[in-house]
Amino acid sequence: VTEASEKGAFRAYGTTWVALIALAATSLVLSRAGDRQWAATIALVIAGLKALLIALFFMHLSRGRVSVRLGAFTAVALLAVLSLLTVADILTRSSPVDASSKGQP
Amino acid sequence: MSDDRHATHFANRRQREQAAELGMWTFLASEALLFSGLFGLYASYCTAYGAAFYLGRSNTAHALGAANTFVLLTSSFSAASALASLRLGRRRASVLLLSLTVGFGIAFLVLKGVEYTDHFRNGMYPGAKHGFLVEHPLRGLPIFVTLYYLMTGLHALHVTAGIVVLSVLGFRVWRGRLSDRLAHPLEFGVLYWHLVDLVWVFLWPMFYFAARGSA
């Protein structure tokens, strides 16, 4: 690791921190929107953006080795599959009350 | 101080560090899976008991949750800077930044303690016989409260572990046992701290935003 790259890292950390604080402030403003579905969706998208910034710049995935990037990508991909299957199950499952009233004699 | 020792199955020190780095990321992935199971549980119950979860979120300590978010995001910045300082050979700056990070972590736990104390006073805890849960006998609300303590409590345990790890590493930097030539133990400790921050980024909207349908 060269001295120049480490000095550049300080600038990258500073920029990332400013971006994270700005995104958190935006989330905070949105949280005042009250009972709004879109506010919740945008808040989660912002959370995803913040997570991406932390992973790429603070955790150095943007300049990490291929094996590390592959490991991280696999973890995120598996999490996405797990989340999608969970949500699909929730959205397509009939409630236990419905099932018992229809299925059982 | 450098450490050129490596086990015989490694060709050199660099290869040892690369193997350790991959191992650390595998550990972080397993931690992410632990929390993702709880996120899935939250999503399931939030869908089933939307009104109760909305009421629960409306009664958490929003100001303290927001303050803790800014505290943790800033602590990640100081932790990353501590590592960069060590790599530049600035041990003193690294120790100061690590101390600052640990301080932020302690501040997070103090605010969390204030939050929990307030909730216990108001009867917002599993099995409460007075206050919030008794006044709102809503189906699903006790589940929200249980998940709130389970997930934020598990996260607080991780913050505590991070504080201990960074304190030990900071001591080692101070004593000169870690340096620009041997910085990877601090890199792994800082990676762990970033994961703790990353988890909180999602916990914040899940438990502290009163918008209907959060998470």
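In this predicted model, the side chains of B:Asp118 and B:Arg121 meet in a salt bridge, with 3.7 Å from N to O. A salt bridge here is a side-chain nitrogen of Lys or Arg within 4 Å of a carboxyl oxygen of Asp or Glu. The two residues sit 3 residues apart in helix α4 of chain B, so about one helical turn separates them. Helices (H or I, at least four residues) and strands (E, at least two) are DSSP runs, numbered from the N terminus. As a general point, an α-helix has 3.6 residues a turn, so residues three or four places apart point the same way. B:Asp118 is partly exposed at a relative accessible area of 34%, and B:Arg121 is exposed at 58%. The cut-offs behind those words are under 20% relative accessible area for buried, over 50% for exposed, and partly exposed in between (1.4 Å probe, protein chains only).

The side chains of B:Lys112 and B:Glu115 form a salt bridge, at 3.4 Å from N to O. Both belong to α4 (residues 91-121) of chain B and are 3 residues apart, about one turn of the helix. Here the setting is a covered one: B:Lys112 is buried at 2% relative accessibility, and B:Glu115 is buried at 0%. In general, side chains of opposite charge can pair when their charged atoms come close.

As for the helix itself, α4(B) has 31 residues and reaches 45 Å from its first C-alpha to its last, close to the 45 Å expected at 1.5 Å a residue. That expected span is 1.5 Å times one less than the number of residues in the helix. The buried residues of α4(B) include B:Val95, B:Leu98, B:Val102, B:Phe108 and B:Tyr116, along with the charged B:Lys112 and B:Glu115. The buried set packs against α3, α6 (141-174) and α7 (184-208) of chain B. After α4(B) comes B:Gly123, with a positive phi near 75 degrees.

One of those packing partners, α3 (residues 62-87) of chain B, has 26 residues and reaches 38 Å from first C-alpha to last, close to the 38 Å expected at 1.5 Å a residue. Helix α3(B) is mostly covered, with 20 of its 26 residues buried. Just after α3(B), B:Gly89 takes a positive phi of about 85 degrees.

Now to the link between chains. A search of the whole structure finds 4 salt bridges over all chains, and one is formed by the side chains of A:Arg65 and B:Glu21, at 3.1 Å from N to O. This pair crosses from the loop between α2 (37-58) and α3 (66-92) of chain A, where A:Arg65 lies, to helix α1 (residues 13-48) of chain B, which holds B:Glu21. A:Arg65 is partly exposed, with a relative accessible area of 23%, while B:Glu21 is buried at 15%.

Helix α1 of chain B also holds B:Ser36, which is buried at 10% relative accessibility. Leaving aside neighbours within four places in sequence, B:Ser36 is in contact (heavy atoms within 4.5 Å) with A:Leu79 and A:Leu82. B:Leu41, too, lies in α1 of chain B and is partly exposed at 36% relative accessibility. B:Leu41 and B:Leu147 are 106 residues apart in sequence, yet their C-alpha atoms are 8.6 Å apart in space.

Stepping back to the whole of chain B, the secondary structure comes to 7 helices and 0 strands, running α-α-α-α-α-α-α along the sequence. The C-alpha atoms fill a box of roughly 65 × 35 × 25 Å, taken along the principal axes. Of the 215 residues in chain B, 54% are buried. Among contacts in chain B between residues at least 6 apart in sequence, 78% join residues at least 24 apart. The accessible surface of chain B comes to about 9000 Å², with 64% belonging to carbon and sulfur atoms; the areas come from the Shrake-Rupley method with a 1.4 Å probe, and for residues only the protein chains shown count as cover.

Chain B has 18 positive and 11 negative side chains, and the centres of the two sets lie 3 Å apart. Lys and Arg count as positive and Asp and Glu as negative, with His and the chain ends not counted. Each charge is placed at NZ of Lys, CZ of Arg, CG of Asp or CD of Glu.

Residues are numbered from 1 along each chain as its sequence is written, and chains are lettered from A and ligands numbered from 1 in the order in which they are written. Because the model is predicted, local features need pLDDT of at least 70 and side-chain atom pairs count only at pLDDT 80 or more, while totals for chains, interfaces and linings use all residues, and side-chain values use heavy atoms, with hydrogens and water left out.
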